[in-house]
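Please keep the sequence and the 3D view at hand while reading.

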Amino acid sequence: MDTGGNSLPSAAPDGVKRKVCYFYDPEVGNYYYGQGHPMKPHRIRMTHALLAHYGLLQHMQVLKPFPARDRDLCRFHADDYVSFLRSITPETQQDQLRQLKRFNVGEDCPVFDGLYSFCQTYAGGSVGGAVKLNHNLCDIAVNWAGGLHHAKKCEASGFCYVNDIVLAILELLKVHERVLYVDIDIHHGDGVEEAFYTTDRVMTVSFHKFGDYFPGTGDVRDIGYSKGKYYSLNVPLDDGIDDESYHFLFKPLIGKVMEVFKPGAVVLQCGADSLSGDRLGCFNLSIKGHAECVKFMRSFNVPLLLLGGGGYTIRNVARCWCYETGVALGIEVDDKMPQHEYYEYFGPDYTLHVAPSNMENKNSHQVLEEIRCKLLDNLSKLQHAPSVQFQERVPDTELPEAEEEQNEADERWDPDSDMDVDEERKPLPGRVKREIVEAEPKESEGQKGSSGHARGFDTTIAENASGKAQDAGPKQIDEAGVRVEQENVNKASDQMFSKS
C-alpha cells in the first residue's frame, strides 16, 4: 500500500528494502521519572504516534516485547542489584537509604512507580530484537525504548538502571563471533565500553562530548585492555559540532572498522541528545545528519539493532526516531507532519525537520584531523578480524516465522534457552503514574555533570554460560493494540534539572 513515501536512492545497497522488526509496549509512555526530570518515556509514545500516522507501522512487524526476567537481567547485572530494583518502591525507599546509596539510585536515577517493570520492558525489547536477528527473522530490529548505555553491573547511572545494550550484545554473541557497538549519543557510552573493555569479540565506538561533561570518560587514549586493546574507540568532540564535521570522522572511521573488524552484527545506539537544540546537549546536528549515521550503517547489509538512548527535547526526539525508522525501512517520509494526537507539540511549523542553530562549532578542522589520524592508526594495528574458537553449546533451534495475521498474538522465545514463558506472571497492579507532560523550555539547559567510574570489568563474555544465558523473545501484537488513547495533557512549567 502506498503511504506517500518515496524509496531512498538506490545507487548503493542502501536503497534495498530491509525486513524490519519494531518493538513497542503501549505502557512504556506511562512511566514517569518525576516532575522536572528530563528523562521522559512519553517520548517513545510520541514517536510511535508519528510512525502510525506516517503509515510506517504497516511496513514493519510490530511486536510487543516479552518482559526480561530476573535471570535475563542477571546475565550482566549483579543478583543483589537486580533484587534491589525488583523490590524498591517510592513507599519503601526511606527504609533502604544505605542500599539506595550503594546502587546509586535516588537522584539522577529516581525510584518511581513501576520502575522494575519499566526495566523489564525496555530490556526485553532489546534482547528480543537480538533474538530476531540471531534467527534471521529480520534484517533490522528497532527498540526506541532501549539504548540506556550508562548502567553498570552493580549500579544505576545517568538515568539508566539496566544496561539493555550489554544484554542484547551478549545475546548476539551466542551466534556471531564479533559484534560492533556504535554510540552517537552526546554522552560517552561508558557502561557498554566498560562491560567489554577486555575482549576482542566486541568493538565499541563512541562519538561524544568530552571535557567537563557527564560521565567524564571516553578519552581518545582509552583503547581497551589486554585482549581488548584497540577494540575500544573513543571519538571526543567539542560543542557545536555540525553534520559536516561529524561525518568527516564518522564515515572514514566506521568504514575502516567494518573493513578490519568484520562484525557479524551491529548495535547502533541512536541517542538524540546529540541533535541541535537538545535540552541537555550542546551539539548542532540536524535530524538528517543524525540519520545519516543510520543510513551509513544500514548500507553494509549486516544485521542491525537500532536502539534509542538520550534525548531531552522530546518533540525533536520523536521527529528523529520517526525519520530514522523510515531510513531503516528505505522510505523517505514527508517533511509536512500529519495530524495526530500530539500535533500541538510540533508547532509553529508542524514539520519533521528543524534547522540547526547558528552556534559556534568549536571543533577545528585541525583537531578533527588529528583525532581521525590517531584512531585510523589504532585501527591499523588490528591486522585482521580475530579468529574465535567457539565453545561447545547446544545449537539454536530455528524459530518459526511469525504469522502475518496480527490478530493472533503469539509469544516466541528460543527453545534452547533456559528462558521459559512464565505463564503465571501477573500484570503489575495499575500503580504506574500517568505522566504529567511538562512543557519544554525552548532554551538549552544545564549539562549533565561529570563523574568518573571504575574501569576494566571483564564479563568473560558469559559465553561459557553457567546456565545463565537465555533468549528473551517477543510476542506479536495486533497493530491496533499498540495504539494509545490520547491522554489529557496537563502541561506544567518545567523545572531546571541539575546533576550532582
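## Strands β4 and β9

Strands β4 and β9 pair in the parallel sense over four bridges; two strands pair if DSSP finds at least two bridges between them. Strands here are DSSP runs of E with at least two residues, helices are runs of H or I with at least four residues, and both are numbered from the N terminus. Across this pairing, Ala141 stands opposite Leu305 in β9. Strand β9 covers residues 304–307; Leu304 and Leu306 point one way from it, Leu305 and Leu307 point the other way, and all are buried. Buried means under 20% relative accessible area, exposed means over 50%, and partly exposed lies in between (1.4 Å probe, protein chains only).

β9 also pairs with strand β8 (residues 265–269), in the parallel sense and over four bridges. Here the bridge partner of Val266 is Leu304.

## How the model is read

This is a predicted model, in which local features need pLDDT of at least 70 and side-chain atom pairs count only at pLDDT 80 or more, while totals for chains, interfaces and linings use all residues. Residues are numbered from 1 along each chain as its sequence is written, and side-chain values use heavy atoms, with hydrogens and water left out.

## Strand β2 and its partners

Strand β2 (residues 20–23) pairs with β4 (residues 140–143) in the parallel sense over three bridges. β2 is also joined by three bridges to strand β3 (residues 61–65), and these two run parallel. Cys21 takes part on both sides: its bridge partner in β4 is Ala141, and its bridge partner in β3 is Gln61.

The side chains of β2 point two ways: Val20 and Tyr22 one way, Cys21 and Phe23 the other, and all are buried.

## Helices α5 and α6

The axes of α5 (residues 115–134) and α6 (residues 164–172) come within 8 Å and cross at roughly 20°. Because of this angle, α5 is roughly parallel to α6. Axes are lines fitted to C-alpha atoms, for helices over the stretch in contact, and angles run from 0 to 180 degrees between N-to-C directions. Angles under 35 degrees count as roughly parallel, over 145 as roughly antiparallel, 65 to 115 as roughly perpendicular and the rest as oblique.

The contact (heavy atoms within 4.5 Å) involves residues of α5 including Tyr122, Ser126, Val127 and Asn134, and residues of α6 including Asp164, Leu167 and Glu171. By class, this contact has nine nonpolar, two polar and two charged residues. Nonpolar covers Ala, Val, Leu, Ile, Met, Phe, Trp, Tyr, Cys and Pro; charged covers Asp, Glu, Lys and Arg; the others, Gly among them, are polar. Nine of the nine residues of α6 are buried, so α6 is largely enclosed by the rest of the structure.

Asn134 is found in helix α5 and counts as buried because its relative accessibility is 9%. Leaving aside neighbours within four places in sequence, Asn134 is in contact with Glu171, Leu172, Val175 and His176.

Asn316 lies in helix α10 (residues 314–329). Its relative accessibility is 8%, so Asn316 counts as buried. Asn316 and Asp273 are 43 residues apart in sequence, and 9.2 Å apart in space from C-alpha to C-alpha.
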